[in-house]
Amino acid sequence: MKTSRKCRALLAVSLNLVALLFATTAFITTYWCEGTQKVPKPNCNKETKSNCINLNRTGAVNSSKPDQVHYSWDTGDDRFVFRYFHTGIWYSCEENVSGIGEKCRNFIDLAPASERSVLWLSVISEVLYIVLLVVGFSLMCLELLHSSNVIDGLKLNAFAAVFTVLSGLLGMVAHVMYTQVFQVTVSLGPEDWRPHSWDYGWSFCLAWGSFTCCMAASVTTLNSYTRTVIEFRHKRKLFEQSLREEQMFIDREAINYFRERSIQSISSSVEVFADPATSTAKSLVPDPLDLSEIPEVLGEDQC
């Protein structure tokens, strides 16, 4: 029982730790959603020579003649470039088409005003999710340290299960709210940010993987608590039953012992009282008279 309970506790601690690592990584990264944005090509210059619009194909642009007309032979989708972007809870980063690196913006500022309160609730729920995971992980570690004491281990197990279940529910709510806000921002967000195509990224997969591990840890913890309680009650029932049978056996032995003692005492009492009665009876019966001596006595008296 002790070994199996310890194995279940180790499994729950491992799942909780994985959930905590996944949730923290997803919270601080910006790859919840990723895709491409359709933006106009920038003008070509010394730094940008590809994916740009060349307004003067014959030579350098004469900036001293502002009234000079420049023609672009790019039409349709050739006038646009598809830049890569990735978005997280805090920031949205886009590829810098006219330079090197990325340009990041605050995702809370990009979200519509009607959805910012929902986004803040998602952020708060995500923070509470991580905090409760830390609390549940600490309680599970304490349970491992108190594995020798069944009662203390059960109390810690129950609290760890409660905190883990609550953290899983908060994490699910946070992920759903963020998904809703992102989809609304795709439709109603700024024109220069709206994605042309997008999909969920690896941070989003880590977030839901964290939720899965969290719920698995909570189920394992509840299962460990339930099995320990059932085994404890079963052993207690067997102990009480054996104690009851032992008590009944002792009672039967005591009854037999006192019965035999009482029979022996009664028989000894009967024997003790039987001898004086016999002697008394013998003393009360008179000795038989010799009739031959009676006439002589009477004859002497008559003379």
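R194 comes out as partly exposed in this predicted model, with a relative accessible area of 29%; the scale used here calls a residue buried under 20% relative accessible area, exposed over 50%, and partly exposed in between (1.4 Å probe, protein chains only). The side chain of R194 meets that of E191 in a salt bridge, at 3.3 Å from N to O. The term stands for a side-chain nitrogen of Lys or Arg within 4 Å of a carboxyl oxygen of Asp or Glu. E191 itself counts as exposed, at 64% relative accessibility.

A few ground rules before going on. The model is predicted, so local features need pLDDT of at least 70 and side-chain atom pairs count only at pLDDT 80 or more, while totals for chains, interfaces and linings use all residues. Residues are numbered from 1 along each chain as its sequence is written, and side-chain values use heavy atoms, with hydrogens and water left out.

Searching the whole structure turns up three salt bridges. Side chains of opposite charge can pair when their charged atoms come close. Besides the R194 pair, there is a network of salt bridges that links E94, R105 and D192. In it, R105 meets E94 at 3.1 Å, N to O. These two sit eleven residues apart, R105 in strand β4 and E94 in strand β3, and their pair links distant parts of the chain. E94 is buried, its relative accessible area being 0%. R105 also meets D192, this time at 3.2 Å, N to O. Since R105 lies in β4 and D192 in the loop between α4 and β5 (197-200), this contact ties together parts that are 87 residues apart in sequence. D192, at 44% relative accessibility, counts as partly exposed.

Helices (H or I, at least four residues) and strands (E, at least two) are DSSP runs, numbered from the N terminus, and two strands pair if DSSP finds at least two bridges between them. Strand β2 (residues 80-87) runs antiparallel to β3 (residues 91-95), with three bridges in the pairing. Three residues separate β2 and β3, which form a hairpin. F85 has E94 of β3 as its bridge partner. On to the next pairing: β3 and β4 (residues 102-106) are also antiparallel, over five bridges. Here E95 has E102 of β4 as its bridge partner.

Zooming out, the protein chain holds six helices and five strands. Read from the N terminus, the order is α-β-β-β-β-α-α-α-β-α-α. Of its 303 residues, 31% count as buried. Taking contacts (heavy atoms within 4.5 Å) with a separation of 6 or more, 74% are between residues 24 or more positions apart. The accessible surface is about 19,500 Å², and carbon and sulfur atoms own 63% of that; such areas come from the Shrake-Rupley method with a 1.4 Å probe, and for residues only the protein chains shown count as cover.

As for the interior, a nonpolar core means a set of buried Ala, Val, Leu, Ile, Met, Phe, Trp, Tyr and Cys residues joined through side-chain atoms within 4.5 Å. The largest has 31 residues, and W32, F107, L119, Y129, L133, Y178 and F182 are those with the most contacts inside it. Two or more residues of this core come from each of α1 (2-28), α2 (107-110), α3 (116-145), α4 (150-188) and α5 (202-284). Another core, of six residues, lies apart from it, with V13, L139, L156 and A160 among its members.
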